[in-house]
Amino acid sequence: MRTEPPRTALLSGVLVLVLVLVLAAVVASLAVGSRTVPPAEVWRALFDAPPGDGATAAHHLVIREVRLPRTVIGILVGAALAVAGALMQTLTRNALAEPGVLGVAGGAGFAVTLGAVAGLAGSQAAQLGLAALGALLAALLVYAVGRASPLRLVLAGTALGFVLAGISLGLRMTLPDVFDTYRFWVVGSLAGREQVPYLLPLLVIAAGLIGALVAASPLQALGLGTEVARALGSRVRRTRITVLVLITVLAGAATALAGPVAFLGLMVPHLARRLAGGSVRLLLGLCMLLGSLILLAADVAARLLLPTGEVPVAVVTAFIGGLVLIWAVRRYGAVTL
C-alpha cells in the first residue's frame, strides 16, 4: 500500500528544486545575451582577476558591469513585487489584488510625466526619484480615502490609477517632448537599470522584505478575522498600517527602479499559496524565491525572443500574467480568498 510522503518532506523537496531553479536562472542571466558566455567563463569573471585584453576581457567587463547588477536588480525587484502582491491579497482577502491596485504604478507614471513637463526628468536618476515620490504620494492618498475597509482601499486605488493614467495620457498626447521622455520609463524593463543609482532602492527593498517576514505573524492572526485577531491580542489597526506601508515601500521602490512590471504580484502568490498551506511566513518566503525566479527567467526569455534586440521584460510577464488572471477569475469566481 502506497502512502503519501509527509508534507514537510514534500515541501523540503520543492524548496530545494526552487533554489536550484533560481541558481540556474542566475547563471542564465549572467551568461545569456547578445554575447553568450560559457558558465565557466562567468565563474572566472566573477571570482578571478580580469585578463588584460582580448575578447575574454570584454566578456568579463560585460558580466561584471552590466549583467551582474542587472541580475541583482531582477532578483530583488521580482521578490519585492511578489511579496507586495502576497501581502495585499492576504490583507484584503482579494484573490485578484496586486500592487497596481494601490495606484502605485499610476502615481509613479504621473510623477514622471509632470517631471517631464517641468523639465525635471531629463536623466534616468531624476526619473527614478520622481517615480518613487509619485508612488509614495499616490499610496498615501489611497490610504487616506480607503483605510476604512479593504474593499474601499481596492476601489480607491483602482479609481485613482485610472484618473492619473488619463491625465498623464492627455499631457503626453499634447506635448511630444513629454512623450519622448516618458516612453523610456513606461515599459517595465531591467535593461539599462544598472546605469542609474540603484543601491538605495535595492537597500529599501531588502529592508521591506525583512519587514514583511517580521509582520507575517500578526498578519496570520488578522487572516482569521478581526475579532479573532483582537481576541488573540493582535493590534489590528497597527498591523494593517504596517502591512500597507510595506506594500507601498516594496511596490514603490520596485516600480521606480524597473518601471511598471505587470501581473507579477498577481500570479506569484497564487503559485506559492498552493505550497504554503495556511502559513503566511512560508507564503512570503516562497514568493521571494518564485518572484525572483520568474522575473529572471522572463528577462532571459526577453533577450532571446527577437534576433535583432530584446523585448521589455514587462511584455513577457504581462503575457504570462494575463493567462494567470483568466485562470484566477475562473478558479475563484468571486474575488474573496
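Reader: How far apart are the end C-alpha atoms of helix α8, and what should the helix span?

Author: Helix α8 (residues 199–214) has 16 residues, which at 1.5 Å a residue should span 22 Å, and its end C-alpha atoms are 23 Å apart, which agrees. The expected span is 1.5 Å times one less than the number of residues. Helices here are DSSP runs (H or I, at least four residues), numbered from the N terminus.

Reader: What sort of model is this?

Author: A predicted one, in which local features need pLDDT of at least 70 and side-chain atom pairs count only at pLDDT 80 or more, while totals for chains, interfaces and linings use all residues. Residues are numbered from 1 along each chain as its sequence is written, and side-chain values use heavy atoms, with hydrogens and water left out.

Reader: What is the mean pLDDT?

Author: For the protein chain it is 81, and 87% of residues reach 70 or more. pLDDT is the predictor's confidence in each residue, from 0 to 100. By element, the lowest mean is 71, for helix α7 (residues 176–186), and the highest is 93, for helix α13 (residues 280–304).

Reader: Back to α8. Which of its residues are buried?

Author: P201, L202, I205, G208, L209 and A212. Buried means under 20% relative accessible area, exposed over 50%, and partly exposed in between (1.4 Å probe, protein chains only). Seen down the axis, the buried residues of α8 fall within an arc of 120° (taken from the directions from the helix axis to the C-beta atoms), so they line one face of the helix. On the other side, L199, L200, L203, I210 and V214 are exposed.

Reader: What does V77 touch, beyond its sequence neighbours?

Author: Leaving aside neighbours within four places in sequence, V77 is in contact with I205, A254, L257, A258 and L295. Contact means heavy atoms within 4.5 Å.

Reader: Changing topic: how many salt bridges?

Author: There are 4, a salt bridge being a side-chain nitrogen of Lys or Arg within 4 Å of a carboxyl oxygen of Asp or Glu. One of them joins E310 and R70, with the closest N and O atoms 2.7 Å apart. E310 lies in the loop between α13 and α14 (313–332) and R70 in helix α3, so the pair ties together parts that are 240 residues apart in sequence.

Reader: Is R70 buried or exposed?

Author: Buried, at 7% relative accessibility, whereas E310 is partly exposed at 34%.

Reader: And which residues share that network?

Author: D299 and R303 meet in a salt bridge (2.9 Å, N to O). Salt bridges with shared partners join R70, D299, R303 and E310 into one network.

Terms used
Helix = DSSP H or I, 4+ residues; strand = E, 2+ residues; numbered from the N terminus.
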